[in-house]
Amino acid sequence: MLALSAPIALADSGENYSMHGMGAGGWIFGPLMMILMIALIVGVVILVLRWMGIADGSGNRRDRAVDILNERFARGEIDPEEFENRKRALDK
């Protein structure tokens, strides 16, 4: 019975560890480090998406629309008249 009570007696030293050793610096640097880590993770995700070509960052929809229109015309999906009509509509 004495062998079981020794670890309990050592664990309960009577000191209050409510701050878990953080001190005043932990209250300042803890949230700051969390914000920095979140920003780092978001930045890495954005870089990976750009590297994969999913998010190019240009935001130019008209150029992409003209590219799609040119591809459809080149594949023969639309005739020259429809191509010109759609191209004029994009220029407006």
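**Notebook: salt bridges, a ring pair and a nonpolar patch**

I began with Glu77, which forms a salt bridge with Arg72, the closest N and O atoms being 3.0 Å apart. My rule for a salt bridge was a side-chain nitrogen of Lys or Arg within 4 Å of a carboxyl oxygen of Asp or Glu. I am working on a predicted model, where local features need pLDDT of at least 70, side-chain atom pairs count only at pLDDT 80 or more, and totals for chains, interfaces and linings use all residues. Residues are numbered from 1 along each chain as its sequence is written, and side-chain values use heavy atoms, with hydrogens and water left out.

**Salt bridges**

I searched the whole structure and found three salt bridges. Glu77 also meets Arg75, at 2.9 Å from N to O. I then looked up how open these residues are. My cut-offs were under 20% relative accessible area for buried, over 50% for exposed, and partly exposed in between, with a 1.4 Å probe and protein chains only. Glu77 is partly exposed at 44%. Arg72 is partly exposed too, at 24%. Arg75 has 53%, so I noted it as exposed.

Next I took Arg86 and Glu82. Their side chains meet in a salt bridge of 2.7 Å, N to O. They are four residues apart in helix 4, so about one helical turn separates them. Arg86 is partly exposed at 38%. Glu82 is partly exposed at 27%. Which residues do shared partners join into one network? I wrote down Arg72, Arg75 and Glu77.

**Helices**

I counted four helices and zero strands in the protein chain. From the N terminus on, the order is α-α-α-α. Both kinds of element are DSSP runs, numbered from the N terminus: helices are H or I with at least four residues, strands are E with at least two.

**Aromatic rings**

I looked for ring pairs next. Rings of Phe, Tyr and Trp (its six-membered ring) pair if their centres lie within 6.5 Å; planes under 30 degrees apart count as stacked, over 60 as edge-to-face and the rest as tilted. The count came to one aromatic pair. Phe73 and Phe83 are stacked, 4.6 Å centre to centre, with 25 degrees between the planes. What does this pair tie together? Phe73 lies in helix 3 (residues 61–75) and Phe83 in helix 4 (residues 80–91), so the pair links parts that are 10 residues apart in sequence. Phe73 is partly exposed at 34%. Phe83 is buried at 8%.

I also checked Glu84, found in helix 4. Glu84 is partly exposed, at 39%. Its C-alpha atom is 9.7 Å from that of Leu69, 15 residues away along the chain.

**Surface**

Is Trp51 buried or exposed? I read 74% relative accessibility, so Trp51 counts as exposed. Trp51 sits in helix 2 (residues 23–52). A nonpolar surface patch includes Trp51, Met37, Leu40 and Ile54 among its residues, and the whole patch has about 1000 Å² of accessible area. Patches take residues with over 30% relative accessible area and no salt bridge, joining like charges within 9 Å and nonpolar side chains (Val, Leu, Ile, Met, Phe, Trp, Tyr) within 5 Å.

Last, I noted the totals. The accessible surface of the protein chain is about 8200 Å², and 66% of that belongs to carbon and sulfur atoms. Areas come from the Shrake-Rupley method with a 1.4 Å probe; for residues, only the protein chains shown count as cover. Of the 92 residues, 5% count as buried.
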